[in-house]
Amino acid sequence: MLGIYKAVKISEHVYWVGAVDWTIRDFHGYTTKRGSSYNAYLIMADKITLIDTVKSPFRQELLSRIASVTDPKNIDYIISNHSEMDHSGCLAEVIQEVSPEKVFASTMGAKTLKEHFSIDQEIIALKDGSELSLGNVTLKFMETRMLHWPDSMFSYLKEDALLFSQDAFGMHLASMERFADEVDDAVLDYEAATYYANILLPYSALVLSLLDKVSKSGLDISIIAPDHGPVWRKDLGRMLGLYKKWAQQKPTNKAVVLYHTMWHSTELMARAIEEGLFAGGARVKVMSMGAFHRSDVAYEILDAGALIAGSSTLNNNMLPAMADVLTYLKGLKPRDLLGAAFGSYGWSGESASHIHDILASMKVDLVSEPVKAKYVPDDDILKTCYALGKTVAEKLQEVAIHE
Ligand code: FEO
C-alpha cells in the first residue's frame with residue numbers, strides 16, 4: 001500500500017497526511033451520511049513532527065501519505081492533541097514502527113493515552129501555554145479541556161500561523177478536497193452545524209470561554225487544521241462567528257415537533273400542533289422518528305426555540321424510538337427551550353406523561369400539562385393540540401431572536 005496515497009501540502013511547513021473514510025455511517029450514535037476523514041499533519045521542520053494519527057484500520061494510509069514526503073522513520077516527535085481513538089487508534093503501532101525521539105500530549109492526554117494503550121515510551125506532558133521548539137519553527141500549546149474530552153488540546157505553529165484544532169471546527173465529511181473553500185458552502189454549513197450539535201453542544205459554555213481565550217491570546221491565525229473534514233484557510237471569521245452563535249444557543253422563532261406514532265393518532269396530533277405553531281407565526285419542523293435519525297433532530301434543535309414531543313403508548317411506555325432520541329437529546333443539554341408533551345393511547349396512556357417528565361428534566365420550559373388522546377383524537381383534542389401550538393408560537397415571539 002505504501003506509495004499509493006499522497007500527502008497534501010497545506011502551508012509552508014505542513015502536510016496533511018490523514019485518511020478518508022468514505023463508508024462510516026455511525027459515529028457513536030451520530031449518523032455520518034457523508035463519511036468522514038481522520039486528519040493527521042506532518043510538520044517538516046528540523047524536528048519532523050507528526051500531529052495526531054488516525055483510526056486504527058487506516059494506519060497504512062497514514063504511513064503511505066507520510067512516505068510520499070519522507071520516510072516515516074525520520075519522524076522525530078509525535079504530538080497527540082486528542083486521545084479519542086479516531087485519532088489515537090494506531091498511535092501505539094506508529095510509535096513502534098517509527099521509534100520517535102519523543103511523544104507529547106497534554107497533561108491529561110499523557111494519562112489517558114496510557115489508560116487506553118500499552119505504550120512503553122514516556123509521553124511527555126505539555127502544559128497549557130507551553131512552547132516546543134522544532135528547531136526552525138515553534139509550536140505553542142493550549143489546553144481545551146472537555147472540548148470535548150479531558151485531554152483535548154490545540155497546537156499552534158507560529159511560523160505558519162496555523163492552528164491544529166483537533167475536533168473543533170471539524171465536520172464529518174469524506175472528500176478529496178482538502179480545503180473548505182473548495183467545498184460547497186451549503187455542505188460546509190450543514191455538516192459543521194451537525195457536528196457541533198451532535199458533539200460539542202453540551203460544552204457550549206466552554207466553547208464561548210475558549211473563543212474568548214483565543215481572541216485574547218493575540219494569536220495570528222491564518223489556517224485552522226481540524227482533525228475531521230476540510231482545512232480552513234479563508235474567511236475564518238465566518239466559522240468562528242457560527243461557533244459563537246451555536247454556543248450562545250439563543251432561541252429562535254423555530255419549533256421542532258418530534259413524535260413517533262403507531263396508528264397515526266399521535267401523528268394527527270403532531271399535525272394539529274404544527275398548524276397552530278404556523279398560525280401563531282413560528283417556523284416549524286415536524287420530525288417523525290420513523291423518518292429521521294436522532295442526529296438529524298440534534299441538528300434541528302441547534303437553532304430551535306421550542307421542542308414539542310409526542311408518542312403513542314406501547315406497553316405502558318413511549319415508543320422505543322422516542323426513548324432513544326430523548327435520551328440522546330438530554331445528553332446534548334440544549335438550553336432555553338419552550339415545550340410540551342403529547343400522545344395517544346388505548347388504555348393506560350403513560351407516554352405523554354413520561355415525555356413531559358423527561359422534558360422537565362431537560363429544563364424545558366413546559367407551557368402546559370401533557371395533551372393525551374384516547375385511541376383516535378377527536379375534534380376537541382385536535383383543537384387543543386392546535387391551541388397548544390399557537391400558545392408555544394406566541395410565547396416564542398416573546399423570547400426568540402429574529403434572524
Ligand atoms: Fe474526532 Fe473526539 O474525536
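**Helix packing and sheet order in a predicted model**

In this predicted model, the protein chain has an average pLDDT of 97, and 99% of the residues score at least 70.

Trainee: Where in the protein chain is confidence lowest, and where is it highest?

Mentor: The lowest mean, 93, belongs to helix 6 (residues 204-217), and the highest, 99, belongs to strand 7. Where pLDDT is low, predicted coordinates should not be read in detail.

Trainee: What makes helix 9 oblique to helix 10?

Mentor: The axes of helix 9 (residues 294-301) and helix 10 (residues 320-332) cross at roughly 45° and come within 10 Å. That makes the pair oblique, because roughly parallel requires an angle under 35 degrees and roughly perpendicular begins at 65. The crossing of helix 9 and helix 10 is right-handed.

Trainee: Which residues of helix 9 meet helix 10?

Mentor: Helix 9 contributes Arg 294, Ser 295, Val 297, Ala 298 and Ile 301, which meet Asp 324, Val 325, Tyr 328, Leu 329 and Leu 332 of helix 10. By class, this contact of helix 9 with helix 10 has seven nonpolar, one polar and two charged residues.

Trainee: Why are helix 5 and helix 7 called oblique?

Mentor: The axes of helix 5 (residues 185-200) and helix 7 cross at roughly 40° and come within 11 Å. Angles under 35 degrees count as roughly parallel and those of 65 to 115 as roughly perpendicular; helix 5 and helix 7 are therefore oblique to each other. Their crossing is right-handed.

Trainee: Which residues of helix 5 and helix 7 meet?

Mentor: From helix 5 come Asp 185, Asp 189, Ala 192, Ala 193, Tyr 196 and Leu 200; from helix 7 come Arg 238, Met 239, Leu 242, Tyr 243, Trp 246 and Ala 247. The contact of helix 5 with helix 7 divides into nine nonpolar, no polar and three charged residues.

Trainee: How do helix 6 and helix 7 pack?

Mentor: Helix 6 and helix 7 (residues 236-248) pack at an angle of about 145°, with their axes 8 Å apart. The crossing of helix 6 and helix 7 is left-handed. Ser 204, Val 207, Leu 208 and Leu 211 of helix 6 make the contact with Leu 240, Tyr 243, Lys 244, Trp 246, Ala 247 and Gln 248 of helix 7. Seven of the residues in the contact of helix 6 with helix 7 are nonpolar, two are polar and one is charged.

Trainee: What makes strand 1 and strand 11 the edges of their sheet?

Mentor: The open sheet has seven strands in the order 1-2-7-8-9-10-11, with mixed pairing. Strand 1 (8-9) and strand 11 (123-126) each have a single partner strand, so one side of each lacks a neighbour in the sheet.

Trainee: How do you know that strand 2 and strand 7 pair?

Mentor: Pairing requires at least two bridges, and three bridges join strand 2 (residues 14-16) to strand 7 (residues 41-43). The two strands run antiparallel, and the bridge partner of Trp 16 in strand 7 is Tyr 41.

Trainee: Which strands does helix 4 lie across?

Mentor: Helix 4 (residues 107-116) lies across strand 9 (77-80), strand 10 (102-106) and strand 11, running at about 110° to strand 10.

Trainee: Why do strand 12 and strand 16 stand at the edges?

Mentor: Five strands form this open sheet in the order 12-13-14-15-16, and the pairing is mixed. Strand 12 (131-133) and strand 16 (223-226) each have a single partner strand, so one side of each is left without a neighbour in the sheet. Neighbouring strands of this sheet are turned by 20° against each other on average, direction ignored.

Trainee: How do you know that strand 15 and strand 16 pair?

Mentor: The requirement is at least two bridges, and strand 15 (residues 162-166) pairs with strand 16 over four bridges, in the parallel sense. Within strand 16, Ile 224 is the bridge partner of Leu 163. Helix 6 lies across strand 13 (138-143) and strand 14 (153-157), at about 145° to strand 13.

How values were computed
Residues are numbered from 1 along each chain as its sequence is written. This is a predicted model: local features need pLDDT of at least 70, side-chain atom pairs count only at pLDDT 80 or more; totals for chains, interfaces and linings use all residues. Side-chain values use heavy atoms; hydrogens and water are left out. Axes are lines fitted to C-alpha atoms, for helices over the stretch in contact, and angles run from 0 to 180 degrees between N-to-C directions. Angles under 35 degrees count as roughly parallel, over 145 as roughly antiparallel, 65 to 115 as roughly perpendicular and the rest as oblique. A crossing is left-handed if the near helix is turned anticlockwise from the far one by less than a right angle, and right-handed if clockwise. Contact means heavy atoms within 4.5 Å. Ala, Val, Leu, Ile, Met, Phe, Trp, Tyr, Cys and Pro count as nonpolar, Asp, Glu, Lys and Arg as charged, and the others, Gly among them, as polar. pLDDT is the predictor's confidence in each residue, from 0 to 100.
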